[in-house]
Amino acid sequence: MYTQCPECLTVYKLDARLLVPACGCVRCAHCDTVFNALGTLADQLPPEPFIRLDEHALDQEPPVVGVAVFRPRPPATESDAAAAPTADMASPAEHPSAGEDFSRLTFTPAFARRRRRSWRSVLWVSVCTVLLLGLLAQLAWAERDTLIAHPTAGPLLVRACDLIGCRLPLVAAPARLRLLARDVEQHPTVRDALLITASVRNDAAFGQPYPVVTIVLSDAMGHRLAMRRFQPDDYVGDAAARARGLAAGATTAMVFEVQDPGQQAVSFAFSFE
C-alpha cells in the first residue's frame, strides 16, 4: 500500500503493521510531519506524472465487514458441558435462538478441505496421460534418426533396446565410414577384370546400413576412365547380413569385381553414399 505526506508530498510504501501502533498516524521521514496515513492510502500508484494521491474522508460511518473466515471456540464451562448432549440432540426448530449463535461453530477453509476425486476426473487424467504418451511416441518415431544419431540419446536407446530385446532401425551416416585399406589386382579367374578389395570401419556410435559404394578409376593425368556404383546387394550376398547392417565400431571387408580399363588406369578412389 502507499500513502503521501500532506506537507512535502513524499509518497511512501508501507504495510498494514505500520498503521497499528498510532491508529493510522505515521511520521514523515523527510519533513518530520505527523499525519494520518489512512487519508491517502492507496493500493497502487496512479500513472505518472502525478502530484497528489486521492484523499479519503475519515468521518464516515464505519463499514460492515461481512465475510467471516474464522471464529474461535469459547472455553467450555461446567454448565455447557452438562448441557452439551441435550444441545447436540436438539433440532434448530426446538431452539430458534440457536440458529443465531455461531460461537460453537467451526469450519475448515475451502482451500484446506480434501476433495475426493471422482471416477470421471481419474478417467480424464488417464485418457490425457495416454494421449500424451502417444504423442511423445509419434514425435520420437518421426525423429528416430536424429535421436539414434545423437551422442547422448543414441547409446541410451541402444542399451534400452538390448534390455528389452528390440532392434533399432539403421541410420545411414556414410560420412562416419572410414576406409582402412584398399587393394586392386587382376581377377584370378575372369579375364580382363579387376578384383578390388577394401576394409571399411563404422566409426559411428550406432549401426548403419551398408552404403552405396562408388569406385572411380583414373589415369595418370587424373582423367576418369571408368566409374561404377555398387549397391549393397552387389557386394553383400547374405540378406541377413544386409539387414543387420554395420554395427557400431565394426569392420568389414568389401570385394568388388570391375572390368579392366587397360594399362592407363593407375589410380582408383572410393566414395560412400
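So, the leucines on the surface: L132, L133, L135, L136 and L139 make up a nonpolar patch with about 490 Å² of accessible area together. A patch here takes residues with over 30% relative accessible area and no salt bridge, and joins nonpolar side chains (Val, Leu, Ile, Met, Phe, Trp, Tyr) within 5 Å. A salt bridge would be a side-chain nitrogen of Lys or Arg within 4 Å of a carboxyl oxygen of Asp or Glu, and the areas come from the Shrake-Rupley method with a 1.4 Å probe. L132 sits in helix α2, residues 119-142; helices are DSSP runs of H or I with at least four residues, and strands are runs of E with at least two.

Before I go on: this is a predicted model, where local features need pLDDT of at least 70, and side-chain atom pairs count only at pLDDT 80 or more, while totals for chains, interfaces and linings use all residues. Residues are numbered from 1 along each chain as its sequence is written, and side-chain values use heavy atoms, leaving out hydrogens and water.

Okay, the sheet. Three strands form an open sheet in the order β5-β6-β9, with antiparallel pairing. Its edge strands, β5 (177-186) and β9 (251-259), each pair on one side only. Pairing takes at least two bridges found by DSSP. And β6, residues 193-202, has nine bridges with β9, in the antiparallel sense.

Note on methods:
Patch = residues over 30% accessible without salt bridge, like charges linked within 9 Å, V, L, I, M, F, W, Y side chains within 5 Å.
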